[in-house]
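Student: I would like to learn how to read a model like this one. Could you take me through it step by step?

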Amino acid sequence: MRDAFGSTFMFKLIIIFIVFYVSFMTIAVSYAKVFRVKNGVIDILEQYQYDSNGSNAQNIIDKVDNYLSKFPYNEGANGNVEKLCKEDSGNQNASDEKYENQFTENGACIIRTGLGEGAVFYEVVVYLVVSFPLFNQDFVIPIRGETTTIHV
């Protein structure tokens with residue numbers, strides 16, 4: 001009887017270890033994917049010299065959306081991107097001129113942070129959604145990056 005109880009306890013420990021290991025690996029792979037997506041968005045903004053006040057701004061945002069549609073990394077939080085984008089810019093009012101933010105429908109937030117004479121830079125925020133359905137918990141982790149100086 002004692003041996004049966006001991007092996008059952010060991011089996012439970014192995015199952016718990018496997019669940020934690022698989023969860024950790026899933027989060028690590030998802031983080032790497034979101035990091036790659038963020039870098040891709042930054043590359044597009046730098047390549048096309050994005051200017052939120054420019055005439056080609058919507059065309060570049062469409063290119064970003066097209067790129068993001070190839071990587072379905074953030075299906076759970078796309079409805080909350082506008083709210084998260086406003087919170088991440090440090091501003092609840094999107095009409096404030098100090099913080100011009102643009103959110104894409106596929107889950108990226110582009111915040112104009114450098115207001116200078118002919119040169120600006122943008123902060124790109126994409127969101128990693130970690131969901132634990134067993135506990136009915138969702139965590140949203142922002143992944144941030146900045147463009148190099150864009151001359152407008």
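Student: Where is the place of aspartate 51?

Tutor: First, some ground rules. This is a predicted model, so local features need pLDDT of at least 70 and side-chain atom pairs count only at pLDDT 80 or more, while totals for chains, interfaces and linings use all residues. Residues are numbered from 1 along each chain as its sequence is written, and side-chain values use heavy atoms, with hydrogens and water left out. Helices (H or I, at least four residues) and strands (E, at least two) are DSSP runs, numbered from the N terminus. Aspartate 51 sits in the loop between helix H1 (2-47) and helix H2 (57-69).

Student: With which side chain does aspartate 51 make a polar contact?

Tutor: A polar contact is a pair of N or O atoms within 3.5 Å; within protein, one must be able to donate a hydrogen and the other to accept it, and residues adjacent in sequence count only if both atoms are side-chain atoms. For aspartate 51, the partner is the side chain of arginine 112, at 3.5 Å.

Student: Which elements does the protein have overall?

Tutor: There are three helices and six strands, in the order α-α-α-β-β-β-β-β-β from the N terminus on. Of the 152 residues, 32% count as buried.

Student: How many aromatic pairs does a search of the whole structure find?

Tutor: A pair of aromatic rings is described by the distance of the centres and the angle of the planes. Rings of Phe, Tyr and Trp (its six-membered ring) pair if their centres lie within 6.5 Å; planes under 30 degrees apart count as stacked, over 60 as edge-to-face and the rest as tilted. The search finds three pairs. One of them joins phenylalanine 17 and tyrosine 21, which are stacked at 6.3 Å centre to centre with 20° between the planes. These two residues are about one helical turn apart, because they are four residues apart in helix H1. Phenylalanine 17 is exposed at 57% relative accessibility, and tyrosine 21 is partly exposed at 47%.

Student: What lies over the face of phenylalanine 35?

Tutor: A charge sits over a ring if NZ of Lys or CZ of Arg is within 6 Å of the ring centre and within 35 degrees of the ring normal. Here lysine 38 takes that position, 4.2 Å from the ring centre of phenylalanine 35.

Student: Which residues have a positive phi without being glycine?

Tutor: Two examples follow. Glutamine 49 has a phi of about 50°; it is in the loop between H1 and H2 and is partly exposed at 39% relative accessibility. Asparagine 136 has a phi near 55°; it is in the loop between S4 and strand S5 (137-146) and is exposed, with a relative accessible area of 70%.

Student: Where is histidine 151 found?

Tutor: Histidine 151 is in strand S6 (residues 150-151) and counts as exposed at 58% relative accessibility.

Note on methods:
Buried means under 20% relative accessible area, exposed over 50%, partly exposed in between (1.4 Å probe, protein chains only).
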